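Open your viewer and get ready to click along. We'll go from stop to stop, selecting a few residues each time and looking at what is there.

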Amino acid sequence: MKDIVMTAQTTLANLDLTEAELTGGTLKVTSPIDGGLLAEVHETPVSEIEAIFARSKAAFQAWRTVPAPRRGELIRLLGEELREAKDDLGALVSWEAGKITSEGLGEVQEMIDICDFAVGLSRQLYGLTIASERPGHRMMETWHPAGPVGVISAFNFPVAVWSWNAALALVCGDTVIWKPSEKTPLTAMACQKIFERALARFGDAPEGLLQTLIGGAALGEALVASEDVPVVSATGSTRMGRAVAPIVAQRFGKCILELGGNNAMIVGPSADLEMAVRAIVFSAVGTAGQRCTTLRRLIVHNSIREELVSRLKKAYSGLPIGNPLAEGTLIGPLVDEASGAAMTAALKAAEAEGGTVFGGNRVTENVPAGVYMEPAIVEMPGQSDVVKTETFAPILYVMGYDDFDDAIAIQNDVPQGLSSCVFTLNMREAEQFLTAAGSDCGIANVNIGPSGAEIGGAFGGEKETGGGRESGSDAWKAYMRRQTNTVNYSAELPLAQGVKFDI
Ligand code: UN1
């Protein structure tokens, strides 16, 4: 392991993180790979937070008047810097979050993609022109920057989710205050450095466009409560969202929430099982089951249930579990002991609720000292309480169905509403799944798993997932304020609705 620890130090140095920044602080950062200490970073003092908000506000006053395409230039440069730093930042994501190399790199690619998207967007912050009912009048809609945006991100996508928010917010003319997960401050510190490199090349940007809050819950709480932060974008558990939303609502701020998921796949009798197996394995065990979009429920037609489950068990049995940096590994560690314990507890509960568990044991041989778990397949008699609960671990619950309407009902009968999919070659089923009476999720796919979404679409979900949308499509609108403008170019002053008020 010593060599690998040295590699981590080299990666951190390549990302411009200095000895002084990585030692002597109060926040210990350990790697899920082996529990080894990566750094002791300095926390942002709560006493400084008001100054941080004030700086963000002042930067916003200047940034909002910079033409949007010029703001896009900063994000273009950020994309270039990310391309340059891709290998190191991807490796650091593996170190800090435990992702396999390809997924660490994929996360950085997702950042590069959203930068490209945001650059184009910087020339397309379109409003509407609306027909006025009054002669000699023109009506239109204008989008203006909203103000400082608070971004709260989770450990599992420590940098990509930040970039979805930051790239959009910055081209929209907002400033950003970022509170990363306490478990992944190093990737955030590295992003701040990468951003500063882009800023240096950009030239005349106001100071304080992006500020990062390193440390615990008190910082996040201050961010959520601050009147200076009109938009709060928070990714994490439903529990966290329930705490954040009322506080932001109380002060009439806007929330973009991306909370729990409990994503399902329906597999119909006509499905291409070969494809379904590949999609299931990637989306159920990829990222060790720690994506919001992870496949957690398989709703399979009873006529093919046995065959599909036996193919899955075969595929699961050969999956390489271990050091995520080693070539060939597909399943890395869970983020910490608590996650491992939560997985074990969920499997126990599933058994108590009538489930039959395959896999799910802790792996201790030929792996580093982290929390490595076999992914589990749990055949359930029905959708019991544990199935309706999101456990952030690689557990796949399997349930059978006979009638497609029932399958949709099972898919929708959970509190969460992020992602969903159907595997079928029957176009009636495929189309029905996408109708108003089909999936109730924010994402609904056909012959593709529920995870691994592209950045071009709006990302987010309904119900306990929180209702927010981030990333592509018109998600940018949440980072701006809308203004309706009516211009009278006539010499009369007609009132709307035919009201007469002559003086
Ligand atoms: C998350 O897990 O918070 O669709 C985001 C996906 C990724 C993003 C996941 N593009 O799986």
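**Before you click**

You're looking at a predicted model, where local features need pLDDT of at least 70 and side-chain atom pairs count only at pLDDT 80 or more, while totals for chains, interfaces and linings use all residues. Residues are numbered from 1 along each chain as its sequence is written, and side-chain values use heavy atoms, with hydrogens and water left out.

**Stop 1: the two domains**

Colour 8-259 together with 466-483 as domain 1, and 263-455 as domain 2. These bounds come from an automatic or database domain assignment. The C-alpha centres of domain 1 and domain 2 are 30 Å apart. Where they meet, 24 residues of domain 1 are in contact with 27 residues of domain 2 (contact means heavy atoms within 4.5 Å).

**Stop 2: the largest pocket**

Now select T235, G236, S237, R239 and M240: of the 40 residues lining the largest pocket, these are the closest to its centre. The pocket holds about 1200 Å³ of space. A pocket is an open set of points on a 1 Å grid over the protein atoms alone, with protein on both sides within 12 Å along at least five of seven lines, and lining residues have an atom within 4 Å of a point. Grid points are joined across faces, edges and corners, and the volume is the space filled by probe spheres set on the points.

Next, show helix 8 (217-225), helix 9 (238-250) and helix 12 (337-352), the elements that give two or more residues to this lining. Helices (H or I, at least four residues) and strands (E, at least two) are DSSP runs, numbered from the N terminus. Which helix gives the largest share of the lining of the largest pocket? That's helix 9, with six residues.

Why does the largest pocket lie between the domains? Because domain 1 and domain 2 both give residues to its lining.

**Stop 3: the second largest pocket**

This one has a volume of about 520 Å³. Select E103, F157, F282, R291 and G452, the closest to its centre among its 29 lining residues. Helix 5 (101-121), helix 6 (160-171) and helix 10 (273-285) each supply at least two residues of the lining, and helix 5 gives the most, with six. By class, the lining has 13 nonpolar, seven polar and nine charged residues. Domain 1 and domain 2 each provide at least three of the lining residues.

**Stop 4: the largest cavity**

A cavity is a set of grid points where a 1.4 Å probe fits but cannot get out. To find the largest cavity, select G98, K99, T287, A288 and Q290, which lie nearest its centre among 13 lining residues. Its volume is about 70 Å³. Six of the lining residues are nonpolar, five polar and two charged.

**Stop 5: helix 11**

Select 302-317. Helix 11 has 16 residues and spans 23 Å from its first C-alpha to its last, close to the 22 Å expected at 1.5 Å a residue (that is, 1.5 Å times one less than the number of residues). Now highlight its buried residues: I304, R305, L308, V309, L312 and Y316. Buried means under 20% relative accessible area, exposed over 50%, and partly exposed in between (1.4 Å probe, protein chains only). An α-helix has 3.6 residues a turn, so residues three or four places apart point the same way. The partners that the buried residues of helix 11 pack against include helix 10, strand 11 (295-301) and strand 16 (395-401).

**Stop 6**

Click V285 in helix 10. Is V285 buried or exposed? It counts as buried because its relative accessibility is 4%. Leaving aside neighbours within four places in sequence, its contacts include Y316, L319 and P394.

Then go to D16, in the loop between helix 1 (2-14) and helix 2 (19-22). Phi of D16 is near 70°, a positive value in a residue other than glycine. Most residues other than glycine have a negative phi. D16 is partly exposed, at 37% relative accessible area.

Finish at N366, in the loop between strand 13 (362-363) and strand 14 (372-373). Its phi is positive too, near 60°, and N366 is exposed, with a relative accessible area of 81%.

Notes
Ala, Val, Leu, Ile, Met, Phe, Trp, Tyr, Cys and Pro count as nonpolar, Asp, Glu, Lys and Arg as charged, and the others, Gly among them, as polar.
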